[in-house]
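Dear colleague,

I am handing over the structure below, together with notes on what was found in it. Please keep it open beside this email as you read.

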Amino acid sequence: MNIASNRFTNNKTAAITLEQTNLTESANTQVNKDKINHINLIETPQSLTEQINETPFLLSTIEIPEKKIKNQSKFKLGLYASINNTWLNDEDTRSSFDKNSLFSSKMAFGESRGLTATYDFNAKVGITGAFLIQSKVKNKIGYYDNGYFKLRTTELNYTKGFLLVDFYKTLPSKTSKITRNIVHSKLAFGVGPYLAHQKSSLIYTDDVITSFNSTFTDWDYGLKLQFGQEKQWNSLTFGYGINSNIGIKNILKNQSNIASNINIGAFATLKYQLF
């Protein structure tokens, strides 16, 4: 009887000891988990800080295409100026190209100035219009008269307008070394009609006026070509290149002869982006 009682007591003590051991291990495990969670909570703000520090880079990366879009499809208004080598394609000028002719064509320059406007539909196509308050055409012919060399100068003053369809090729953007701003560049080729109204005309030989507002018609029209490059800093755009006007109308009142305007030269524009 005593032996059985002792066995029961020993078994019960062993069970209680095993249960206490399990509880201790469970408590230790929970403490370790709490420590791990505490460490994670401490480390979490650091990871958030890293994400926040990366945010400006991500925002700047997103802003770059927005700036590119902002510089497209905009309306610009500004100033236009050009200096051209001009010819009056008349009978005497055509004769001057003959080696046996007594006529010789001399170089003459005429300037143009006025207002211009551009609207870009997208990065590849746009339109350009201009109203030129002053557009001058000069022609000089040298010839011999009774053994004396004389110089006959023809001068026509116009107001002129033109409308071009522009085709663009975008060039890589660069950063200005002076202002540190991004400079957007593109090539532009334009073609379209022009229309001009004559304000005055005169012909003079040496220093003597021989004709005034009596030889040429009031209107002229033809084809205009223009090729150049544009550079844009923020809202300002500077353009430059070469241009040519090819007249297709006979501008002589005496229709038995034929004369038209031809010129080629350099132009420059300065435009401000309105919207």
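Gln229 is buried, with a relative accessible area of 17%, where buried means under 20% relative accessible area, exposed means over 50% and partly exposed lies in between, with a 1.4 Å probe and protein chains only. This is a predicted model, in which local features need pLDDT of at least 70, side-chain atom pairs count only at pLDDT 80 or more, and totals for chains, interfaces and linings use all residues. Residues are numbered from 1 along each chain as its sequence is written, and side-chain values use heavy atoms, with hydrogens and water left out.

Gln229 is found in strand S8; helices (H or I, at least four residues) and strands (E, at least two) are DSSP runs, numbered from the N terminus. Leaving aside residues up to four places away in sequence, Gln229 touches Leu171, Ser185, Lys186, Leu187, Phe238, Gly239 and Tyr240, a contact being heavy atoms within 4.5 Å.

Ser260, which lies in strand S10, is also a buried residue, with a relative accessible area of 10%. Its contacts, again not counting residues up to four places away in sequence, are Trp87, Leu88, Asn89, Gly247, Lys249 and Ile251.

For the protein as a whole, there are 2 helices and 10 strands, and along the sequence they follow the pattern α-β-α-β-β-β-β-β-β-β-β-β. Buried residues account for 33% of the 275 residues, and of the contacts between residues at least 6 apart in sequence, 69% join residues at least 24 apart. The protein exposes about 17700 Å², of which carbon and sulfur atoms supply 62%, the accessible areas coming from the Shrake-Rupley method with a 1.4 Å probe, and for residues only the protein chains shown count as cover.

Next, the hairpin. Strand S6 (residues 182-205) and strand S7 (residues 208-212) pair in the antiparallel sense over 4 bridges, pairing being called if DSSP finds at least two bridges between two strands. Thr205 has Val208 in S7 as its bridge partner, and the hairpin has 2 residues between the strands. Asp206, in the loop between S6 and S7, has a positive phi of about 55° although it is not a glycine, and is partly exposed, with a relative accessible area of 40%. Asn213 sits in the loop between S7 and S8; its phi is near 55°, a positive value in a residue other than glycine, and Asn213 is partly exposed at 34% relative accessible area. Most residues other than glycine have a negative phi.

Finally, the structure holds 3 cavities of 30 Å³ or more. A cavity here is a set of points, on a 1 Å grid over the protein atoms alone, where a 1.4 Å probe fits but cannot get out, and lining residues have an atom within 4 Å of a point. The largest cavity has a volume of about 170 Å³, the volume being the space filled by probe spheres set on the points, which are joined across faces, edges and corners. Of the 20 residues that line the largest cavity, the closest to its centre are Ala188, Gln226, Glu230, Phe267 and Lys271. S8 gives the most to this lining, with 5 residues.

With kind regards

How values were computed
On a 1 Å grid over the protein atoms alone, a cavity is a set of points where a 1.4 Å probe fits but cannot get out, and a pocket is an open set with protein on both sides within 12 Å along at least five of seven lines; lining residues have an atom within 4 Å of a point.
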